[in-house]
Amino acid sequence: MTPRTSVSARSFIIGSLATVLTLTACGNSTQPQSASPTGSVSASATATPSPTPTAVYRPADAKGKAENVPVPVLPEAAKANSKEGVEAFARYWFQALSYAYETGDMAVWSAMTSAECVFCNRIKQGLESAYVKGRWVVGGKMTTPSVEVNFKSEALSQQVTIQTIQSQIDYYDADGSVGQPSTPPSNSASGMIAAFESGSWKVKDLGLLR
């Protein structure tokens, strides 16, 4: 709530402004005039701070790595031990994997993945190789058009079937040269085993379905 200005204070402000205007209009005055305290406060109060520059997302290309890639955020639905929860988690897990392909940063994805998952470890090793010594990849983005869960509330883990579409992957060495032949785009089905442990989901196993 803005504090009220008393009548005497308003009179003082109006009188001060009138004095400033009179002195400014008097062109014959040879004495310098100091700014009134009221004028200084007003100028300071109305100053608009400069907006903070927004980092611009730039996808990877043949000239360099991706920049300012948005980090996927875990949806609230994925925190529940339910059919909807594991479905949301499976989609998020692949979003985190897609982020790892685009940036080489596997921290978020690895935290949701068990070290026991053999196929997941192969993916991790491939990504580590693709980004070692200044290397990078272009493409590899993943989407999950279809997620199906045969949810059993009494089960210790849940089986999830996911359709995964991944764009072509091109590999580049640190000097900008082509590192290895491209991996063609794919449209495949994956089987995931996920368990709800200590209040969150974790992938225990993953494999391609033929």
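Analyst: The side chains of Asp-61 and Arg-58 form a salt bridge, with an N to O distance of 3.1 Å; the term requires a side-chain nitrogen of Lys or Arg within 4 Å of a carboxyl oxygen of Asp or Glu. This is a predicted model, in which local features need pLDDT of at least 70 and side-chain atom pairs count only at pLDDT 80 or more, while totals for chains, interfaces and linings use all residues. Residues are numbered from 1 along each chain as its sequence is written, and side-chain values use heavy atoms, leaving out hydrogens and water.

Asp-61 has a relative accessible area of 28% and is therefore partly exposed; buried means under 20%, exposed over 50%, and partly exposed in between (1.4 Å probe, protein chains only). Arg-58, at 27%, is likewise partly exposed. Arg-58 also meets Glu-67 in a salt bridge of 3.8 Å, N to O, and Glu-67 counts as partly exposed because its relative accessibility is 40%. Another salt bridge, of 2.9 Å from N to O, links Glu-76 with Lys-79. Here Glu-76 is exposed at 61%, whereas Lys-79 is partly exposed at 41%. Through shared partners, salt bridges join Arg-58, Asp-61 and Glu-67 into one network. The structure holds 6 salt bridges.

Turning to the chain as a whole, it contains 5 helices and 7 strands, taken as DSSP runs numbered from the N terminus (helices H or I, at least four residues; strands E, at least two). Along the sequence the pattern is α-α-α-α-α-β-β-β-β-β-β-β. Of its 210 residues, 29% count as buried.

An open, antiparallel sheet is built from 4 strands in the order β2-β3-β6-β7, where pairing requires that DSSP find at least two bridges between two strands. Its edge strands, β2 (142–149) and β7 (200–209), each pair on one side only. From one strand to the next the twist averages 30°, with axes fitted to C-alpha atoms, for helices over the stretch in contact, and angles running from 0 to 180 degrees between N-to-C directions. Across the sheet, β2 and β3 are joined by 6 bridges, β3 and β6 by 10, and β6 (residues 186–197) and β7 by 9. Individual partners include Val-147 with Ile-162 in β3, Ile-165 with Asn-187 in β6, and Ser-190 with Leu-208 in β7. Helix α3 (residues 83–103) lies across β2, β3 (157–166), β6 and β7, at about 160° to β2.

Thr-164 is buried because its relative accessibility is 4%. Beyond its neighbours within four places in sequence, Thr-164 has contacts that include Phe-94, Met-142 and Ser-190, contact meaning heavy atoms within 4.5 Å.

Asp-170 is buried yet has no salt bridge, and the nearest side chain of opposite charge, Lys-141, is 13 Å away; Lys and Arg count as positive, Asp and Glu as negative, and His and the chain ends are not counted. The side chain of Asp-170 does make a polar contact of 2.9 Å with that of Gln-168, a term for a pair of N or O atoms within 3.5 Å, where within protein one must be able to donate a hydrogen and the other to accept it, and residues adjacent in sequence count only if both atoms are side-chain atoms.
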